[in-house]
Amino acid sequence: MKLIIYFRCFKGIVLREALRFVHQKERFFSALVRPLVWLGIFAAGFRSVLGVAIIPPYETYIPYEVYIAPGLIAMIQLFNGMQSSLSMVYDREMGSMKTMLVSPIPRWFLLCSKLFAGVFVSILQVYAFLIIASLWGIIPPISGYITILPALVVSGLMLGALGMFLSSAIKQLENFAGVMNFVIFPMFFASSALYPLWKIEETSEWLYYVCFYNPFTYAVESIRFSLYSQINFEYGIGIIVFTIIFLFLSIIGYDPGRGNLQKKGGK
Amino acid sequence: MHAALEIKNVTHKFGEFKALDKVSIIINPGDFTVLLGLNGAGKTTLYSLITRLYNNNTGSIKIHNFNVRENSSNALKNIGVVFQQPTLDLDLSVEENLHYHSALHGISKVDASLRISEEIGRIELNEKLKSKVRSLSGGQRRRVEIARSLLHRPKLLLLDEPTVGLDIGSRQMILKHVKSLCKKGDLAVLWATHLIDEIDKGEKVVIIHDGKIIESGDVSKVIKKTKQKNIREAFNKLVGIKT
């Protein structure tokens with residue numbers, strides 16, 4: 001199959017996702033309200049309670065709002081990844097997912113395109129958040145606005161792939177709400193999004209390891225370092241490995257022969 | 001010439017449940033064939049296997065001699081599908097939906113625009129091109145789905161209970177339109193339904209019940225073979241419905 005065919009297909013899927021995004025303005029605003037509430041209320045309340053020592057990539061003491069900003073950026077992507085998956089479960093239940101799956105273009109490519117389309121939407125949300133967050137004094141170096149982009153792409157892919165895998169494993173839309181509670185909240189709270197890992201280690205060693213091996217921590221830390229134009233190879237490699245694992249699982253999940261669709265009778 | 005659709009000895013299970021049992025069907029180019037069966041007979045499962053939503057456990061399915069499992073890309077290129085459930089994106093316009101489908105088949109934007117204009121003209125919905133799908137009636141949505149399924153110029157059109165839930169006027173219009181497509185070219189159609197009044201004499205029928213093909217052939221031959229007056233009575237006799 002010619003490369004141009006793949007390109008047209010990719011463009012079509014991204015455009016469709018973008019159009020849906022434009023048509024569903026409330027989705028954009030709700031995606032922004034959530035992290036802004038955390039930033040404006042939660043962080044304001046906890047800034048006097050939680051002190052943050054100087055830890056890389058920061059070179060000085062920072063207010064708590066600055067510390068949790070990368071976690072909230074990752075939160076936007078986490079919710080976006082789960083929301084895309086939710087729409088996949090919905091599309092599958094409503095039937096429109098079938099339109100995509102019966103395309104002659106290989107299924108792995110269709111799923112990757114859908115994933116990229118979701119990442120594209122999440123990046124728009126993140127930049128909108130960064131603009132509003134600057135009102136709270138969260139102003140990274142100018143270069144950070146550019147260097148964050150690769151980290152956003154990879155973390156968006158990882159979280160989207162995780163959501164896609166979950167969507168392949170979920171039979172009905174109602175079950176997805178439960179998975180959201182069992183995935184989103186544990187992932188978010190058991191990570192370095194709200195408190196540094198060394199603080200968690202001081203409290204509980206086993207929790208530290210849970211947080212350390214949580215894929216979401218890798219997303220948060222990759223975003224944190226890249227926002228200050230730095231690279232942390234440990235987190236960078238980790239996030240790529242998690243992305244490959246989740247992507248592989250989701251492709252298997254949607255494989256007509258081996259995946260979860262087969263087990264469930266395509267429903 | 002290859003058969004438009006050749007299904008040989010397909011058996012499919014979901015766990016212990018046998019949804020299809022040694023199903024074999026041949027449809028030639030230009031044929032309009034009705035797949036008749038009650039709800040739960042296995043029609044949708046069969047369609048899901050033909051379109052490779054999931055793989056058949058045994059047997060083979062070929063579309064214009066391309067095996068769906070081994071050469072799915074070439075096989076799927078030749079299929080147009082109208083699923084039982086509506087599959088249009090309600091928040092997008094008719095045109096956006098059709099462009100999306102064209103992209104999924106790798107059709108260029110220029111070609112897609114030409115084809116959309118041609119297909120939308122055939123179903124007489126030109127004035128609805130920019131309308132949101134949400135604003136369309138059930139019958140109009142179905143017609144758009146048929147137009148969409150033909151955009152990539154398939155050689156086999158699969159329709160899974162396309163008229164369910166529609167009023168009689170829309171049902172007749174859609175049926176007439178699809179039959180006319182068969183007559184014009186060598187497009188083969190497999191029309192799944194449980195509505196017996198959608199079958200005319202002179203057409204081909206495949207009767208499926210409990211996952212098995214229990215009769216197939218020309219409608220008149222099926223009537224004759226079962227020694228009944230019409231296809232309704234023949235069907236009732238074959239599936240054991242007492243009237």
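Biologist: What radius of gyration does chain B have, and what does the rule for a compact globule lead us to compare it with?
Modeller: This is a predicted model, in which local features need pLDDT of at least 70 and side-chain atom pairs count only at pLDDT 80 or more, while totals for chains, interfaces and linings use all residues. Residues are numbered from 1 along each chain as its sequence is written, and chains are lettered from A and ligands numbered from 1 in the order in which they are written. The radius of gyration is taken over C-alpha atoms, and the globule rule is 2.2 Å times the number of residues to the power 0.38. For 243 residues that rule gives a value near 18 Å, and chain B agrees because its own radius of gyration is 18 Å.

Biologist: Is B:L156 buried or exposed?
Modeller: B:L156 lies in strand 7 of chain B, which covers residues 156-160. A residue is buried if 20 or more other C-beta atoms, placed from the backbone, lie within 10 Å of its own, exposed if 12 or fewer do, and partly exposed in between. Because B:L156 has 22 C-beta neighbours inside 10 Å, it counts as buried.

Biologist: How are helix 1 of chain A and helix 5 of chain A oriented to each other?
Modeller: Axes are lines fitted to C-alpha atoms, for helices over the stretch in contact (C-beta atoms placed from the backbone within 7 Å), and angles run from 0 to 180 degrees between N-to-C directions. The axes of helix 1 (residues 3-23) and helix 5 (residues 107-133) of chain A come within 9 Å and cross at roughly 40°. Angles under 35 degrees count as roughly parallel, over 145 as roughly antiparallel, 65 to 115 as roughly perpendicular and the rest as oblique. Helix 1 of chain A and helix 5 of chain A are therefore oblique.

Biologist: Which helix gives the most to the side of chain A that touches chain B?
Modeller: The contact between the chains takes 30 residues from chain A and 28 residues from chain B. On the side of chain A, helix 1, helix 4 (96-101) and helix 12 (260-264) each supply at least two residues. With ten residues, the helix that gives the most to that side of chain A is helix 1.

Methods. Helices (H or I, at least four residues) and strands (E, at least two) are DSSP runs, numbered from the N terminus. Two residues are in contact if their C-beta atoms, placed from the backbone, lie within 7 Å.
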